[in-house]
Structure formats: structure tokens, C-alpha cells
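Please keep the sequence and the 3D view open as you go.

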Amino acid sequence: MKVEMFYTPGCSECVAAQTKLRGAAKEAVSDLEWHEVNVLDDLDRAVELGVMTLPSIVVDGELVFTSMPTVTQLRNALVERNKGSR
């Protein structure tokens, strides 16, 4: 499963949550690819995926969160998606 967190470097909320969210995602899914994507470096990809607000989280190419999820929300979403891919 590939998770991409789109953020901007000046977003203090993003920086504060990245470590917690990455840890929760790795606990929820064993085959996780976690990528932190600076939207300024990859604007075309962000637009292609429909990212309009930051932070946003994309899972396997699908925009899942358009605002910062809680650790529990992210974990639950990943567990549910993982069940469907088995």
C-alpha cells in the first residue's frame, strides 16, 4: 500500500503530525510505502490527484483525506482498505 502525505514546508501542523501518522500507518499495514511529498516540488502530481488543500493524504492513488486526519482516522482507513485488497 502506498501512502502519500502532501504538505508544504511551512505547515507547522503537517510537520507536527508526520511522525505520528507515519508510525500509525506502519502499525496498521505491513507492506506500507510512506512518502512525504512537498507539494511545491511535485505540484503537477498534486493537481492530477485532486489535492486542493494541505495537508492531504493519498492512498494508492486515491485522495482519501483533504485535511489532517487523526491517528485513529488514518489507521482505521488503512485497515479497511487493506481488508478490501486481500
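A polar contact here is a pair of N or O atoms within 3.5 Å; within protein, one must be able to donate a hydrogen and the other to accept it. Keep that cut-off in mind for serine 56, whose side chain has a polar atom 2.5 Å from the backbone oxygen of threonine 53. Please note that this is a predicted model.

**Strand E1 and its partners**

- On one side of the pairing list is strand E2 (residues 33–38), which is parallel to E1 and joined to it by 6 bridges.
- To find this pairing in the viewer, look for valine 3, whose bridge partner in E2 is tryptophan 34.
- Between E1 and E2 the chain passes through helix H1 (residues 12–28), giving a β-α-β crossover that is right-handed.
- Strand E3 (residues 56–59) also pairs with E1, this time in the antiparallel sense and through 4 bridges.

**Serine 56 in strand E3**

- Serine 56 belongs to strand E3, and its relative accessible area of 0% means that it counts as buried.
- Leaving aside residues up to four places away in sequence, serine 56 touches Glu4, Met5, Phe6, Val51, Leu63, Phe65 and Thr66.

**The disulfide**

- How many disulfides does a search of the whole structure find? The search finds 1.
- This disulfide joins cysteine 11 to cysteine 14, with an S to S distance of 2.3 Å.
- In general, a disulfide is a covalent bond between the sulfur atoms of two cysteines.
- The torsion about the S-S bond of cysteine 11 and cysteine 14 is about 75°, so the disulfide is right-handed.
- Are the two cysteines buried or exposed? Cysteine 11 is buried at 14% relative accessible area, and cysteine 14 is buried at 0%.

**Salt bridges**

- Searching the whole structure turns up 5 salt bridges.
- One of them brings together the side chains of arginine 22 and glutamate 36, at 2.3 Å from N to O.
- That pair links distant parts of the chain, with arginine 22 in helix H1 and glutamate 36 in strand E2, 14 residues apart.
- Both ends are partly exposed: arginine 22 has a relative accessible area of 24%, and glutamate 36 has 31%.
- Arginine 45 forms a salt bridge with glutamate 48, where the closest N and O atoms are 3.8 Å apart.
- Arginine 45 and glutamate 48 are both in helix H2 (residues 43–49), 3 residues apart, or about one turn of the helix.
- Arginine 45 is partly exposed at 23% relative accessible area, whereas glutamate 48 is exposed at 64%.
- Which residues are linked with Arg45 and Glu48 in a network of salt bridges? Glu4 is linked with them in that network.
- Lysine 83 and glutamate 80 meet through their side chains in a salt bridge of 3.3 Å, N to O.
- Lysine 83 and glutamate 80 are 3 residues apart in helix H3 (residues 71–84), so about one helical turn separates them.

Conventions:
Residues are numbered from 1 along each chain as its sequence is written. This is a predicted model: local features need pLDDT of at least 70, side-chain atom pairs count only at pLDDT 80 or more; totals for chains, interfaces and linings use all residues. Side-chain values use heavy atoms; hydrogens and water are left out. Two strands pair if DSSP finds at least two bridges between them. Helices (H or I, at least four residues) and strands (E, at least two) are DSSP runs, numbered from the N terminus. A crossover is right-handed if, with the strands pointing away from the viewer, the path from the first strand over the helix to the second runs clockwise. A disulfide is a pair of cysteine sulfur atoms within 2.5 Å. Buried means under 20% relative accessible area, exposed over 50%, partly exposed in between (1.4 Å probe, protein chains only). Contact means heavy atoms within 4.5 Å. A salt bridge is a side-chain nitrogen of Lys or Arg within 4 Å of a carboxyl oxygen of Asp or Glu.
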